[in-house]
Amino acid sequence: MTNVMIIGGGSGMGLALARTVLADGMDVTIVGRSADRLAVARTELERTGRGRVDTVPADIGREEDVAGLFARVKRVEHVAVTAADATGVYGRTTGVATAAARTIVDTKLLGAWLVGKHGAGRVTGSITYTSGINAYRPNGSNTIVAAVNGALASLAYGLAVELAPVRVNVVSPGWVDTPIWDQLGMDKQAAFAELAGRLPARRIGTPDDIAQAFVSVMRNGFITGTVLHVDGGHRLT
Ligand SMILES: NC(=O)c1ccc[n+]([C@@H]2O[C@H](COP(=O)([O-])OP(=O)(O)OC[C@H]3O[C@@H](n4cnc5c(N)ncnc54)[C@H](OP(=O)(O)O)[C@@H]3O)[C@@H](O)[C@H]2O)c1
């Protein structure tokens, strides 16, 4: 039994969420593909948190891994999913390899569905997925990611009905400074500065902004079948 399982918890927003719930004394299981990345995260978390930390290497896109994960934890109060393999999916649709598009569908959408499938009967409180601003503000170079993020909302609505009273929601971040940007090969700081100037919040998001939103959704027993936008007002620009 663990309190919170974070699939994608080895870095970025997932790791920030792990820090937050551990500081509250909850036990956490963090999941990702790289055992090395998980080990580094665990060392950091064990230095700072009060709860217990478990790590499980698993690929959310592989059904046997997701089934094995839930068989191992047996029961879990809350699951948060931040995992996504977005390698090679940014750029105009004509230039994106179909294999890369399949990978984001497999990891971010079907992986989320596998969590519902194998988490059924084992998750007692809530499942929270992570979508993203590009579902609502596509920019011509992220179409498959936008489609996956949009579909996650419908997945959550469906599972919120099917798995009730377990609550199922989505947190939709705006731009947040995390390691995922390092894969994109762009001038991150210039892009962040330009967007921050246009956002109503006048800044880019932090992993902790998103972690706080996850905690709110997990804790509030009346939130289900909802997309919570944590984007600094990006949808209004
Ligand atoms: N950062 C932003 O600006 C932004 C904006 C909107 C939405 N989002 C979304 O927010 C979520 C979290 O991203 P982040 O920014 O925190 O990035 P991140 O630091 O790259 O975190 C993603 C985590 O997911 C894990 N992961 C990737 N593929 C996996 C798989 N197949 N199975 C299990 N774990 C996997 C990665 O670890 P391994 O590689 O070791 O598996 C990594 O720890 C993503 O869904 C992303 O699309 C991000």
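Glutamate 194 and arginine 198 pair up in a salt bridge, with 2.8 Å between the closest N and O atoms. Both sit in helix 6 (residues 188-198), and because they are four residues apart there, about one helical turn separates them. Keep in mind that this is a predicted model. A search of the whole structure turns up 14 salt bridges, and a few of them are picked out below.

**Within helix 6**
- Glutamate 194 comes out as partly exposed, at 45% relative accessibility.

**A link between two loops**
- Arginine 33 bridges to aspartate 85, and their closest N and O atoms are 2.9 Å apart.
- Arginine 33 belongs to the loop between strand 2 (28-32) and helix 2 (35-48), while aspartate 85 belongs to the loop between strand 4 (76-81) and helix 4 (98-119), so this pair ties together parts that lie 52 residues apart in sequence.

**Aspartate 231 and arginine 235**
- These two form another salt bridge, with the closest N and O atoms 2.9 Å apart.
- Aspartate 231 is the buried end, at 8% relative accessibility.
- Arginine 235 counts as partly exposed, at 30% relative accessibility.

**A network**
- Salt bridges also link Arg62, Glu64 and Asp65 into a network.

Definitions and conventions:
Residues numbered from 1 in each chain as written. Predicted model: local features only at pLDDT ≥ 70, side-chain atom pairs only at ≥ 80, totals over all residues. Heavy atoms only, no water. Salt bridge = Lys/Arg side-chain N within 4 Å of Asp/Glu carboxyl O. Buried < 20%, exposed > 50% of the residue type's maximum accessible area, 1.4 Å probe, protein only.
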